[in-house]
Amino acid sequence: VGGDVTATPESDDNEYLCPVTIGGQTLNLDFDSGSSDLWVFSTSTPSSEQQSHTIYNPAKSSTFKELNGFTWQISYGDGSGASGTVGTDTVTVGGLTVKNQAVELATAVSSEFVTDSANNGLLGLAWSNLNTVEPTQQQTFFANAGPQLQQNVFTADLRHDQPGSYDFGFIDTSKFQGNLNYVPVDNSQGFWQFTVDGYAVGDGATGGNSFSAIADTGTTLLLLDDNIVSDYYSQISSAQNSNSAGGFVFDCTEDVPDLTLQIGDYAAVVPGSLLNFSQNGDGTCFGGIQSDGGQGFAILGDVFLKAQFTVFDQGNVQLGFAPK
Ligand SMILES: Cc1nn(C)c(C)c1CC(=O)Nc1ccccn1
């Protein structure tokens, strides 16, 4: 048994949304391998915050069950967050169904989510030890689905300005070139965390120290250590760190170098075209590489994942990468 679901980019590839059916109601959710809560805008969300979101109404689901007294509260590294109550329902993603899945109903959401009307909640795909439900931590959709999957994996094929896909339970070899390159994962902090062994800017030599990184489908950009960020932008003459833009920008006419991350024997190339992320409207462009805020690990978000086919292997606690 498996599932295949389309991942549609919002404008500027800011996030990727996938249709999820909960108790017969379909909402577009943001699949996030950097967190482990499945939460939705619902009839419990204040009407002022519901705005133009699609909401889940548990009263209309014949399979919803309240988990009385259970609560959740999540804060994301970018300062956004949400909280609320919990129930269970039947959740279907791309034909794959999990019964009695914990579904977290938002009673409060931060402004970032209120104003992002395309996003009706998140489906966490990190490890269940990151789930925030109290008093009893809940399993993710992927953890619950694991036993029924032919292969205990999901794959991400995100694309620039076009629909991609997530597959659950199988690896579609037509979606990548060559062989998969696997790297061990340390899931002790709940992330898909692994070691990057070095990096190269453009056609420069691979160097630098090894560093820890997480594969995070719920983060838009490629967030790296400040030293690597400075080294990268030193190769773009007009680059500057702009407070008003919120990060490194450069003239849109510039030639933007590739970045290669050495992961074991695999050289993961992120083409310059993906690293010229978006236009600021004033002739400057916003970089796809930005600071990770000094939190001790790099965050390989969608900018990185657009350039690789990625296998999140829950059974063997490893990640696989291949070029597309
Ligand atoms: C972990 C992290 N630290 N820092 C500085 C950032 C930006 C992150 C990533 C992050 O916040 N991702 C996210 C945000 C909202 C919803 C889902 N994922």
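Helices (H or I, at least four residues) and strands (E, at least two) are DSSP runs, numbered from the N terminus. This is a predicted model, in which local features need pLDDT of at least 70, side-chain atom pairs count only at pLDDT 80 or more, and totals for chains, interfaces and linings use all residues. Residues are numbered from 1 along each chain as its sequence is written, and side-chain values use heavy atoms, with hydrogens and water left out.

Rolling a probe the size of a water molecule over the atoms shows where empty space is left. Here the search runs on a 1 Å grid over the protein atoms alone: a cavity is a set of points where a 1.4 Å probe fits but cannot get out, while a pocket is an open set with protein on both sides within 12 Å along at least five of seven lines. Lining residues have an atom within 4 Å of a point. Grid points are joined across faces, edges and corners, and a volume is the space filled by probe spheres set on the points.

The structure holds one cavity of 30 Å³ or more, and the largest cavity contains about 50 Å³ of space. Which strand gives the largest share of its lining? That is β7, residues 96-109, with three residues. Among the lining residues are S36, D37, Q101, A102 and F141. By class, the lining has three nonpolar, seven polar and two charged residues. In this count Ala, Val, Leu, Ile, Met, Phe, Trp, Tyr, Cys and Pro are nonpolar, Asp, Glu, Lys and Arg are charged, and the others, Gly among them, are polar.

Next, the pockets. The largest pocket holds about 980 Å³ of space. Its lining has 38 residues, and Y76, G77, D78, G218 and T219 lie nearest its centre. They divide into 14 nonpolar, 15 polar and nine charged. The second largest pocket has about 180 Å³. Of its 13 lining residues, N209, S210, F211, D225 and I228 are the closest to its centre.

Where is the ligand? Its space is the largest pocket; a molecule sits in a pocket if more than half of its atoms lie within 2 Å of the pocket's grid points. Residues around the ligand include D32, Y76, S80, L122 and I299, where near means one heavy atom within 4 Å. This shell has four nonpolar, five polar and two charged residues.

Now the polar contacts, that is, pairs of N or O atoms within 3.5 Å; within protein, one must be able to donate a hydrogen and the other to accept it, and residues adjacent in sequence count only if both atoms are side-chain atoms. A polar backbone atom of G77 is 2.9 Å from an oxygen atom of the ligand. A backbone N or O atom of D78 also lies 2.9 Å from a ligand oxygen. Q295 uses a polar side-chain atom, 2.9 Å from a ligand nitrogen. The protein covers 81% of the 440 Å² of accessible area that the ligand has on its own, by the Shrake-Rupley method with a 1.4 Å probe; for residues, only the protein chains shown count as cover.

Last, the backbone. Most residues other than glycine have a negative phi, and most peptide bonds are trans. N100, in strand β7, has a positive phi near 55°. The peptide bond from E134 to P135 is cis, with omega near 5°.
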